[in-house]
Amino acid sequence: MTISTMTKNSNLFLAAAMFALAVAAIGCSQERKTDKQPPKKIESVGKGPIKPPSKSAKSETPPVEPGQTVPKPESAEERLNQDLEQAEKKPRDLGPPLVDDINALKRLVPDQPIWIDSKNKHVVIQGEVCTAGYPLEFFATYSNRSYESVTAVNVKPSIVHAALLAVGAEPGHPARFQPKFEPPTGTEVAIEVRWKDARGKLQSTPAQNWIRNIKTKKQLDPAVNWVFAGSLMMTDETTGVQYYQADSGELICVLSLPTAMLDLPIRSYGALEARSFEAFEERLPPQGTSITMLLKPILTGKRVPPPPAYKSSGKSAVPVPVPVTPAEAERKAVEIAEAWLALADRAEYSQAWDTAAGRLKEAVARRDFIKQVGAVRKPLGAVKSRQLSSKKYVTSLPGAPDGQYVVLQFKTSFANRKEPAVETITPMLDRDKKWRVSGYYIK
(Lines give C-alpha, C1' and ligand atoms only; values in the text may rest on other atoms or scores of the structure.)
Protein backbone atom coordinates (compact mmCIF):
# COMPACT_ATOMS: atom_id res chain seq x y z
CA MET A 1 0.00 0.00 0.00
CA THR A 2 1.29 3.46 -0.75
CA ILE A 3 0.37 6.86 0.55
CA SER A 4 -1.74 8.89 -1.87
CA THR A 5 -0.13 12.25 -2.53
CA MET A 6 -1.11 15.20 -4.68
CA THR A 7 1.19 16.35 -7.48
CA LYS A 8 1.59 20.02 -8.24
CA ASN A 9 -1.34 20.84 -10.44
CA SER A 10 -1.94 24.47 -11.25
CA ASN A 11 -5.42 23.75 -12.61
CA LEU A 12 -6.57 22.13 -9.36
CA PHE A 13 -5.03 24.91 -7.31
CA LEU A 14 -6.72 27.55 -9.46
CA ALA A 15 -10.07 25.75 -9.23
CA ALA A 16 -9.79 25.53 -5.46
CA ALA A 17 -8.92 29.19 -5.18
CA MET A 18 -11.80 30.16 -7.47
CA PHE A 19 -14.21 28.12 -5.32
CA ALA A 20 -12.97 29.89 -2.21
CA LEU A 21 -13.16 33.34 -3.72
CA ALA A 22 -16.67 32.71 -5.04
CA VAL A 23 -17.90 31.63 -1.63
CA ALA A 24 -16.04 34.44 0.10
CA ALA A 25 -17.63 36.98 -2.22
CA ILE A 26 -21.12 35.69 -1.38
CA GLY A 27 -20.44 35.97 2.36
CA CYS A 28 -23.70 35.04 4.09
CA SER A 29 -24.17 33.77 7.63
CA GLN A 30 -26.54 32.26 10.11
CA GLU A 31 -27.10 32.96 13.77
CA ARG A 32 -27.30 30.08 16.18
CA LYS A 33 -29.06 30.06 19.54
CA THR A 34 -26.94 29.41 22.60
CA ASP A 35 -27.86 28.83 26.21
CA LYS A 36 -26.02 31.96 27.29
CA GLN A 37 -26.44 34.92 24.99
CA PRO A 38 -23.01 36.23 23.88
CA PRO A 39 -22.41 39.67 22.44
CA LYS A 40 -24.25 40.13 19.15
CA LYS A 41 -22.39 38.49 16.28
CA ILE A 42 -20.93 40.74 13.60
CA GLU A 43 -20.86 39.00 10.23
CA SER A 44 -17.47 39.98 8.85
CA VAL A 45 -13.99 38.57 8.70
CA GLY A 46 -11.98 40.91 10.89
CA LYS A 47 -8.35 41.71 10.27
CA GLY A 48 -7.30 41.86 13.92
CA PRO A 49 -8.54 41.52 17.48
CA ILE A 50 -11.84 43.29 18.07
CA LYS A 51 -12.09 45.13 21.35
CA PRO A 52 -15.44 46.00 22.89
CA PRO A 53 -16.20 49.71 23.28
CA SER A 54 -14.64 51.34 26.28
CA LYS A 55 -17.05 51.81 29.17
CA SER A 56 -15.65 55.26 29.78
CA ALA A 57 -16.12 56.37 26.17
CA LYS A 58 -19.40 58.31 26.38
CA SER A 59 -20.46 60.71 23.67
CA GLU A 60 -21.33 64.16 24.92
CA THR A 61 -24.64 65.58 23.72
CA PRO A 62 -24.33 69.24 22.62
CA PRO A 63 -26.88 71.80 23.85
CA VAL A 64 -30.19 71.58 22.00
CA GLU A 65 -31.51 74.81 20.45
CA PRO A 66 -35.27 75.51 20.42
CA GLY A 67 -36.92 73.55 17.61
CA GLN A 68 -33.89 71.30 17.17
CA THR A 69 -34.27 67.47 17.23
CA VAL A 70 -32.44 65.68 20.04
CA PRO A 71 -29.81 63.40 18.45
CA LYS A 72 -30.31 59.67 19.08
CA PRO A 73 -27.63 58.22 21.40
CA GLU A 74 -25.20 55.85 19.70
CA SER A 75 -25.96 52.21 20.58
CA ALA A 76 -23.38 49.68 21.80
CA GLU A 77 -23.90 47.73 18.57
CA GLU A 78 -23.14 50.80 16.46
CA ARG A 79 -19.99 51.51 18.46
CA LEU A 80 -18.91 47.87 18.06
CA ASN A 81 -19.43 48.10 14.30
CA GLN A 82 -17.28 51.23 14.22
CA ASP A 83 -14.56 49.42 16.16
CA LEU A 84 -14.76 46.58 13.64
CA GLU A 85 -14.38 48.96 10.73
CA GLN A 86 -11.33 50.54 12.36
CA ALA A 87 -9.80 47.10 12.95
CA GLU A 88 -10.28 46.25 9.28
CA LYS A 89 -8.60 49.48 8.19
CA LYS A 90 -5.58 48.85 10.39
CA PRO A 91 -4.94 45.08 10.45
CA ARG A 92 -2.53 43.83 13.05
CA ASP A 93 0.85 42.74 11.73
CA LEU A 94 1.26 39.10 12.81
CA GLY A 95 4.77 38.86 11.39
CA PRO A 96 5.98 36.17 8.98
CA PRO A 97 4.49 32.67 9.35
CA LEU A 98 6.62 30.40 11.55
CA VAL A 99 7.49 27.65 9.08
CA ASP A 100 10.68 25.76 8.26
CA ASP A 101 10.88 27.03 4.68
CA ILE A 102 8.98 30.25 4.02
CA ASN A 103 9.94 30.11 0.32
CA ALA A 104 7.83 26.94 -0.03
CA LEU A 105 4.64 28.83 0.83
CA LYS A 106 2.14 30.06 -1.75
CA ARG A 107 -0.42 32.60 -0.56
CA LEU A 108 -3.96 31.60 -1.48
CA VAL A 109 -5.62 35.04 -1.28
CA PRO A 110 -3.88 38.41 -0.83
CA ASP A 111 -5.94 39.83 2.04
CA GLN A 112 -6.06 36.87 4.47
CA PRO A 113 -3.14 35.17 6.30
CA ILE A 114 -3.37 31.73 4.67
CA TRP A 115 -0.77 29.84 2.61
CA ILE A 116 -0.31 26.43 1.00
CA ASP A 117 2.87 24.41 1.40
CA SER A 118 2.59 22.20 -1.68
CA LYS A 119 5.77 20.28 -0.91
CA ASN A 120 4.66 19.08 2.52
CA LYS A 121 0.90 19.14 1.73
CA HIS A 122 0.20 21.56 4.60
CA VAL A 123 -2.13 24.52 4.97
CA VAL A 124 -0.64 27.39 7.01
CA ILE A 125 -2.76 30.04 8.72
CA GLN A 126 -1.97 32.78 11.24
CA GLY A 127 -3.91 34.05 14.21
CA GLU A 128 -3.51 34.80 17.90
CA VAL A 129 -4.26 33.42 21.34
CA CYS A 130 -7.58 34.81 22.50
CA THR A 131 -9.31 32.58 25.10
CA ALA A 132 -11.68 34.38 27.47
CA GLY A 133 -12.52 31.50 29.82
CA TYR A 134 -15.87 30.26 28.44
CA PRO A 135 -16.53 26.55 27.82
CA LEU A 136 -15.25 25.97 24.31
CA GLU A 137 -17.17 25.81 21.07
CA PHE A 138 -14.09 26.30 18.88
CA PHE A 139 -10.36 25.88 18.77
CA ALA A 140 -10.22 28.60 16.10
CA THR A 141 -12.83 31.08 14.90
CA TYR A 142 -13.23 34.78 14.08
CA SER A 143 -12.06 37.47 16.49
CA ASN A 144 -15.61 38.57 17.26
CA ARG A 145 -16.48 35.08 18.55
CA SER A 146 -13.28 34.58 20.53
CA TYR A 147 -15.03 34.45 23.92
CA GLU A 148 -15.58 30.69 23.36
CA SER A 149 -12.42 29.83 21.43
CA VAL A 150 -8.72 29.23 22.11
CA THR A 151 -7.46 31.16 19.09
CA ALA A 152 -8.71 33.85 16.72
CA VAL A 153 -8.01 33.27 13.03
CA ASN A 154 -9.34 35.89 10.63
CA VAL A 155 -9.54 33.64 7.60
CA LYS A 156 -12.85 32.56 6.11
CA PRO A 157 -13.54 28.82 6.54
CA SER A 158 -14.46 28.57 2.84
CA ILE A 159 -10.90 29.70 1.99
CA VAL A 160 -9.43 27.07 4.32
CA HIS A 161 -11.75 24.48 2.75
CA ALA A 162 -10.33 25.34 -0.69
CA ALA A 163 -6.76 25.17 0.62
CA LEU A 164 -7.32 21.69 2.09
CA LEU A 165 -8.76 20.53 -1.24
CA ALA A 166 -5.67 21.88 -2.99
CA VAL A 167 -3.31 19.73 -0.86
CA GLY A 168 -5.34 16.56 -1.39
CA ALA A 169 -7.71 16.36 1.59
CA GLU A 170 -11.23 15.01 1.03
CA PRO A 171 -14.27 16.42 2.85
CA GLY A 172 -16.71 14.05 4.49
CA HIS A 173 -19.77 15.34 6.32
CA PRO A 174 -20.38 17.32 9.53
CA ALA A 175 -22.04 15.79 12.60
CA ARG A 176 -25.55 14.49 12.00
CA PHE A 177 -28.24 14.22 14.65
CA GLN A 178 -31.22 12.59 12.92
CA PRO A 179 -32.37 9.85 13.13
CA LYS A 180 -29.39 9.22 15.44
CA PHE A 181 -26.08 10.88 16.14
CA GLU A 182 -23.34 10.33 13.56
CA PRO A 183 -19.90 11.84 14.22
CA PRO A 184 -18.28 13.90 11.45
CA THR A 185 -16.15 12.22 8.81
CA GLY A 186 -13.48 13.29 6.33
CA THR A 187 -9.71 13.27 5.91
CA GLU A 188 -8.00 13.34 9.28
CA VAL A 189 -6.09 16.58 9.92
CA ALA A 190 -3.35 16.97 12.51
CA ILE A 191 -2.91 20.54 13.79
CA GLU A 192 0.43 21.92 15.01
CA VAL A 193 0.62 25.34 16.67
CA ARG A 194 3.81 27.41 16.66
CA TRP A 195 4.68 30.65 18.46
CA LYS A 196 7.63 32.53 19.95
CA ASP A 197 8.03 32.78 23.71
CA ALA A 198 9.08 35.89 25.66
CA ARG A 199 12.74 35.23 24.78
CA GLY A 200 11.96 34.90 21.09
CA LYS A 201 12.50 31.13 21.06
CA LEU A 202 10.29 29.12 18.70
CA GLN A 203 7.83 26.83 20.49
CA SER A 204 5.56 24.14 19.04
CA THR A 205 2.74 21.91 20.29
CA PRO A 206 -0.12 19.78 18.96
CA ALA A 207 -3.41 21.66 19.26
CA GLN A 208 -4.73 18.95 21.61
CA ASN A 209 -2.33 20.16 24.30
CA TRP A 210 -4.26 23.45 24.60
CA ILE A 211 -7.63 21.77 25.28
CA ARG A 212 -8.77 19.83 28.33
CA ASN A 213 -11.88 18.10 29.59
CA ILE A 214 -13.85 20.35 31.95
CA LYS A 215 -14.65 17.57 34.41
CA THR A 216 -11.50 15.43 34.43
CA LYS A 217 -9.05 18.31 33.75
CA LYS A 218 -7.16 15.98 31.40
CA GLN A 219 -5.98 17.21 28.03
CA LEU A 220 -7.70 16.17 24.83
CA ASP A 221 -6.43 12.74 23.77
CA PRO A 222 -3.47 13.34 21.39
CA ALA A 223 -4.63 10.38 19.29
CA VAL A 224 -7.86 12.21 18.41
CA ASN A 225 -7.26 14.47 15.41
CA TRP A 226 -9.77 16.73 13.68
CA VAL A 227 -11.53 15.59 10.50
CA PHE A 228 -12.29 17.60 7.37
CA ALA A 229 -16.09 17.64 7.73
CA GLY A 230 -16.43 20.28 5.02
CA SER A 231 -19.56 22.08 6.30
CA LEU A 232 -22.44 22.54 3.81
CA MET A 233 -23.48 24.80 0.95
CA MET A 234 -26.97 26.19 1.44
CA THR A 235 -29.31 28.32 -0.64
CA ASP A 236 -31.14 31.34 0.73
CA GLU A 237 -34.77 30.68 -0.18
CA THR A 238 -35.51 34.40 -0.38
CA THR A 239 -32.62 35.51 -2.60
CA GLY A 240 -31.60 32.23 -4.22
CA VAL A 241 -27.97 32.98 -3.28
CA GLN A 242 -25.75 30.09 -2.18
CA TYR A 243 -23.51 30.41 0.86
CA TYR A 244 -21.03 28.28 2.79
CA GLN A 245 -22.47 27.69 6.25
CA ALA A 246 -19.17 27.58 8.16
CA ASP A 247 -18.41 31.14 7.04
CA SER A 248 -20.32 32.34 10.09
CA GLY A 249 -17.28 31.20 12.10
CA GLU A 250 -17.30 27.38 12.42
CA LEU A 251 -13.65 27.00 11.36
CA ILE A 252 -12.03 24.52 13.79
CA CYS A 253 -14.64 23.19 16.21
CA VAL A 254 -14.56 21.16 19.43
CA LEU A 255 -18.36 21.08 19.60
CA SER A 256 -20.45 18.73 17.46
CA LEU A 257 -21.83 21.19 14.93
CA PRO A 258 -23.78 20.46 11.73
CA THR A 259 -22.03 23.42 10.04
CA ALA A 260 -18.39 22.68 11.02
CA MET A 261 -15.53 22.91 8.54
CA LEU A 262 -13.11 20.97 10.82
CA ASP A 263 -14.50 19.07 13.82
CA LEU A 264 -13.58 16.34 16.30
CA PRO A 265 -14.93 12.84 15.50
CA ILE A 266 -16.52 12.56 18.94
CA ARG A 267 -19.74 13.87 20.49
CA SER A 268 -19.61 17.15 22.39
CA TYR A 269 -22.83 18.77 23.54
CA GLY A 270 -23.90 22.33 22.71
CA ALA A 271 -25.65 23.51 25.86
CA LEU A 272 -23.27 25.81 27.71
CA GLU A 273 -23.54 23.89 30.99
CA ALA A 274 -23.00 20.54 29.23
CA ARG A 275 -19.97 21.38 27.08
CA SER A 276 -17.03 19.03 27.30
CA PHE A 277 -13.94 21.19 26.85
CA GLU A 278 -12.18 24.30 28.08
CA ALA A 279 -8.86 25.95 27.27
CA PHE A 280 -5.84 24.49 29.08
CA GLU A 281 -4.92 28.00 30.19
CA GLU A 282 -1.82 27.03 32.17
CA ARG A 283 -0.23 25.89 28.89
CA LEU A 284 -1.19 28.88 26.77
CA PRO A 285 1.15 31.74 25.89
CA PRO A 286 -0.13 35.23 26.82
CA GLN A 287 -3.36 36.40 25.25
CA GLY A 288 -2.69 38.19 21.96
CA THR A 289 0.42 36.11 21.16
CA SER A 290 0.78 35.67 17.41
CA ILE A 291 0.57 32.02 16.34
CA THR A 292 1.03 29.97 13.19
CA MET A 293 -1.12 26.88 12.69
CA LEU A 294 -0.07 24.07 10.37
CA LEU A 295 -3.02 21.98 9.18
CA LYS A 296 -1.59 18.63 8.12
CA PRO A 297 -3.97 16.28 6.30
CA ILE A 298 -3.12 12.63 6.90
CA LEU A 299 -3.21 11.43 3.31
CA THR A 300 -3.47 7.66 3.65
CA GLY A 301 -5.39 7.26 0.42
CA LYS A 302 -8.68 6.65 2.21
CA ARG A 303 -11.30 8.85 3.75
CA VAL A 304 -11.18 8.52 7.52
CA PRO A 305 -14.32 6.69 8.68
CA PRO A 306 -16.12 7.55 11.91
CA PRO A 307 -15.46 5.43 15.00
CA PRO A 308 -17.05 2.01 14.39
CA ALA A 309 -19.86 2.29 16.94
CA TYR A 310 -21.16 4.59 19.65
CA LYS A 311 -23.34 4.06 22.66
CA SER A 312 -24.97 6.63 24.89
CA SER A 313 -23.72 7.03 28.44
CA GLY A 314 -26.11 9.78 29.45
CA LYS A 315 -24.04 12.92 29.00
CA SER A 316 -21.60 11.72 26.37
CA ALA A 317 -21.05 9.08 23.76
CA VAL A 318 -18.14 6.67 24.05
CA PRO A 319 -16.67 4.25 21.51
CA VAL A 320 -17.73 0.63 21.88
CA PRO A 321 -14.74 -1.77 21.93
CA VAL A 322 -14.53 -3.54 18.59
CA PRO A 323 -14.10 -7.33 18.69
CA VAL A 324 -11.22 -8.34 16.46
CA THR A 325 -9.65 -11.65 15.50
CA PRO A 326 -5.84 -12.03 15.35
CA ALA A 327 -6.04 -12.43 11.55
CA GLU A 328 -8.06 -9.21 11.18
CA ALA A 329 -5.68 -7.36 13.49
CA GLU A 330 -2.63 -8.55 11.55
CA ARG A 331 -4.18 -7.57 8.20
CA LYS A 332 -5.03 -4.08 9.44
CA ALA A 333 -1.64 -3.65 11.13
CA VAL A 334 0.23 -4.51 7.92
CA GLU A 335 -1.85 -1.95 6.00
CA ILE A 336 -1.17 0.78 8.57
CA ALA A 337 2.53 -0.10 8.86
CA GLU A 338 3.10 0.06 5.10
CA ALA A 339 1.44 3.46 4.88
CA TRP A 340 3.49 4.72 7.83
CA LEU A 341 6.76 3.36 6.41
CA ALA A 342 6.02 5.13 3.14
CA LEU A 343 6.06 8.41 5.07
CA ALA A 344 9.44 7.52 6.59
CA ASP A 345 10.76 6.54 3.15
CA ARG A 346 9.95 10.05 1.90
CA ALA A 347 11.55 11.60 5.00
CA GLU A 348 8.15 12.94 6.09
CA TYR A 349 9.04 12.32 9.74
CA SER A 350 6.78 15.05 11.11
CA GLN A 351 3.79 13.49 9.35
CA ALA A 352 4.83 10.06 10.66
CA TRP A 353 4.76 11.44 14.22
CA ASP A 354 1.35 13.02 13.60
CA THR A 355 -0.13 9.67 12.53
CA ALA A 356 1.48 7.64 15.33
CA ALA A 357 -0.26 6.22 18.40
CA GLY A 358 -0.82 8.37 21.45
CA ARG A 359 1.69 6.33 23.47
CA LEU A 360 4.49 7.12 21.01
CA LYS A 361 3.62 10.84 21.03
CA GLU A 362 3.59 10.91 24.83
CA ALA A 363 6.95 9.11 25.01
CA VAL A 364 8.82 11.09 22.33
CA ALA A 365 8.34 14.77 21.45
CA ARG A 366 7.93 15.61 17.77
CA ARG A 367 11.32 17.32 17.41
CA ASP A 368 13.15 14.45 19.16
CA PHE A 369 11.35 11.90 17.01
CA ILE A 370 12.31 13.72 13.80
CA LYS A 371 15.95 13.88 14.89
CA GLN A 372 16.13 10.25 16.03
CA VAL A 373 14.44 8.68 13.01
CA GLY A 374 16.24 10.99 10.58
CA ALA A 375 19.61 10.13 12.13
CA VAL A 376 18.95 6.42 11.52
CA ARG A 377 17.19 6.52 8.15
CA LYS A 378 19.01 9.20 6.16
CA PRO A 379 22.44 7.47 6.09
CA LEU A 380 20.81 4.29 4.74
CA GLY A 381 19.62 5.96 1.57
CA ALA A 382 16.58 5.05 -0.50
CA VAL A 383 14.64 1.83 -0.01
CA LYS A 384 15.37 -0.68 -2.79
CA SER A 385 13.03 -3.43 -1.58
CA ARG A 386 10.96 -4.35 1.46
CA GLN A 387 9.39 -7.70 2.28
CA LEU A 388 7.25 -8.70 5.26
CA SER A 389 9.05 -11.54 7.06
CA SER A 390 6.91 -12.04 10.20
CA LYS A 391 3.74 -10.85 11.94
CA LYS A 392 2.39 -11.68 15.37
CA TYR A 393 -0.73 -10.51 17.21
CA VAL A 394 -0.17 -10.08 20.98
CA THR A 395 -2.09 -8.56 23.88
CA SER A 396 0.93 -7.66 26.01
CA LEU A 397 4.42 -6.30 25.48
CA PRO A 398 7.28 -5.65 27.93
CA GLY A 399 6.96 -2.18 29.45
CA ALA A 400 3.59 -1.49 27.83
CA PRO A 401 0.03 -1.74 29.15
CA ASP A 402 -2.13 -4.64 28.03
CA GLY A 403 -3.85 -4.00 24.74
CA GLN A 404 -3.96 -5.16 21.14
CA TYR A 405 -0.62 -5.08 19.33
CA VAL A 406 0.86 -6.61 16.19
CA VAL A 407 4.63 -6.99 15.98
CA LEU A 408 5.76 -6.85 12.35
CA GLN A 409 9.21 -7.39 10.88
CA PHE A 410 10.27 -6.41 7.39
CA LYS A 411 13.43 -7.45 5.55
CA THR A 412 14.49 -4.23 3.83
CA SER A 413 17.30 -3.41 1.39
CA PHE A 414 18.68 0.14 1.38
CA ALA A 415 20.81 1.84 -1.27
CA ASN A 416 23.71 2.61 1.11
CA ARG A 417 23.83 -0.70 2.99
CA LYS A 418 25.20 -3.97 1.64
CA GLU A 419 23.23 -6.35 3.87
CA PRO A 420 19.43 -6.14 4.28
CA ALA A 421 18.22 -4.55 7.52
CA VAL A 422 15.40 -5.73 9.76
CA GLU A 423 12.72 -3.13 10.43
CA THR A 424 10.51 -3.89 13.43
CA ILE A 425 7.30 -1.88 13.62
CA THR A 426 4.50 -2.31 16.15
CA PRO A 427 1.01 -1.02 15.34
CA MET A 428 -1.53 -1.02 18.19
CA LEU A 429 -5.26 -0.44 18.59
CA ASP A 430 -5.17 3.10 19.93
CA ARG A 431 -7.54 4.81 22.38
CA ASP A 432 -9.75 6.07 19.55
CA LYS A 433 -10.11 2.47 18.27
CA LYS A 434 -7.90 3.04 15.25
CA TRP A 435 -4.74 1.12 14.46
CA ARG A 436 -1.65 3.32 14.72
CA VAL A 437 2.11 2.77 14.94
CA SER A 438 3.41 2.72 18.52
CA GLY A 439 7.04 1.69 17.95
CA TYR A 440 9.72 1.43 15.25
CA TYR A 441 13.39 0.50 15.08
CA ILE A 442 15.95 -0.82 12.61
CA LYS A 443 18.60 -3.46 13.21
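**How do we know? Reading the model**

Mentor: Helix H4 (residues 326-345) lies across S18, S19, strand S20 (421-429) and S21, and runs at about 150° to S18. Helix H7 (residues 366-377) also lies across S18, S19, S20 and S21, running at about 50° to S21. Keep in mind that this is a predicted model.

Trainee: What makes S18, S19, S20 and S21 a sheet, and what is their order?

Mentor: The four strands form an open sheet in the order S18-S19-S20-S21, with antiparallel pairing. From one strand to the next, the twist averages 25°.

Trainee: How do you know that S18 and S19 pair?

Mentor: Count the bridges. S18 and strand S19 (residues 405-414) have ten, in the antiparallel sense. At least two are needed. Ten passes that mark, so they count as paired. Lys391 gives one example: its bridge partner in S19 is Leu408.

Trainee: How many bridges join S20 and S21?

Mentor: Seven, again antiparallel. Ile425 has Tyr440 in S21 as its bridge partner. S20 and S21 form a hairpin with five residues between them. In that turn, Lys433 has a positive phi of about 65°.

Trainee: Why are S18 and S21 called edge strands?

Mentor: Strand S18 (383-394) and strand S21 (435-442) each have a single partner strand, so one side of each is left without a neighbour in the sheet.

Trainee: What makes S21 largely enclosed by the rest of the structure?

Mentor: Count its buried residues. Six of the eight are buried, so S21 is largely enclosed.

Trainee: Why is Gln112 called buried?

Mentor: Set the value against the cut-off. Gln112 has a relative accessible area of 7%. Buried means under 20%. Since 7% falls under that mark, Gln112 is buried.

Trainee: Where is Gln112 placed, and which residues does it contact?

Mentor: Gln112 is in the loop between strand S1 (105-107) and S2. Leaving aside neighbours within four places in sequence, Gln112 is in contact with Arg107, Asn154, Val155, Lys156 and Ile159.

Trainee: Why do Lys121 and Ala347 get the labels they have?

Mentor: Lys121 has 14% relative accessibility, so it counts as buried. Ala347 has 41%.

Trainee: What is the phi of Lys121, and what is the phi of Ala347?

Mentor: Lys121 has a positive phi of about 60°, although it is not a glycine. Ala347 has a positive phi of about 60° too, and it is not a glycine either. Lys121 is in the loop between S2 and S3. Ala347 is in the loop between H4 and helix H5 (349-354).

Trainee: How do you know that H3 is mostly covered?

Mentor: Nine of its ten residues are buried. Among them are Pro157, Ile159, Val160, Leu164 and Ala166. Just after H3, Gly168 takes a positive phi of about 105°.

Trainee: What makes a group of residues a nonpolar core, and how many residues does the largest one have?

Mentor: The members must be buried, of nonpolar kinds such as Ile, Phe and Leu, and joined through side-chain atoms within 4.5 Å. The largest nonpolar core has 45 residues. Those with the most contacts inside it are Ile114, Phe139, Trp226, Ile252, Met293 and Leu295. The elements that give two or more residues include strand S2 (114-117), strand S3 (122-129), helix H3 (157-166) and strand S15 (290-297). H3 gives the most, with five residues. Apart from this core lies another, of 27 residues, with Trp353, Leu360, Phe410 and Val437 among them.

Trainee: Which residues does Leu295 touch?

Mentor: Not counting residues up to four places away in sequence, its contacts include Lys121, Val160, Leu164, Ile252 and Leu262.

Trainee: How do you know where to be careful with the prediction?

Mentor: Look at the pLDDT. Its mean over the protein chain is 76, and 72% of the residues reach 70 or more. Over residues 1-65 the pLDDT is below 50.

Terms used: Residues are numbered from 1 along each chain as its sequence is written. This is a predicted model: local features need pLDDT of at least 70, side-chain atom pairs count only at pLDDT 80 or more; totals for chains, interfaces and linings use all residues. Side-chain values use heavy atoms; hydrogens and water are left out. Buried means under 20% relative accessible area, exposed over 50%, partly exposed in between (1.4 Å probe, protein chains only). Contact means heavy atoms within 4.5 Å. pLDDT is the predictor's confidence in each residue, from 0 to 100. Axes are lines fitted to C-alpha atoms, for helices over the stretch in contact, and angles run from 0 to 180 degrees between N-to-C directions.
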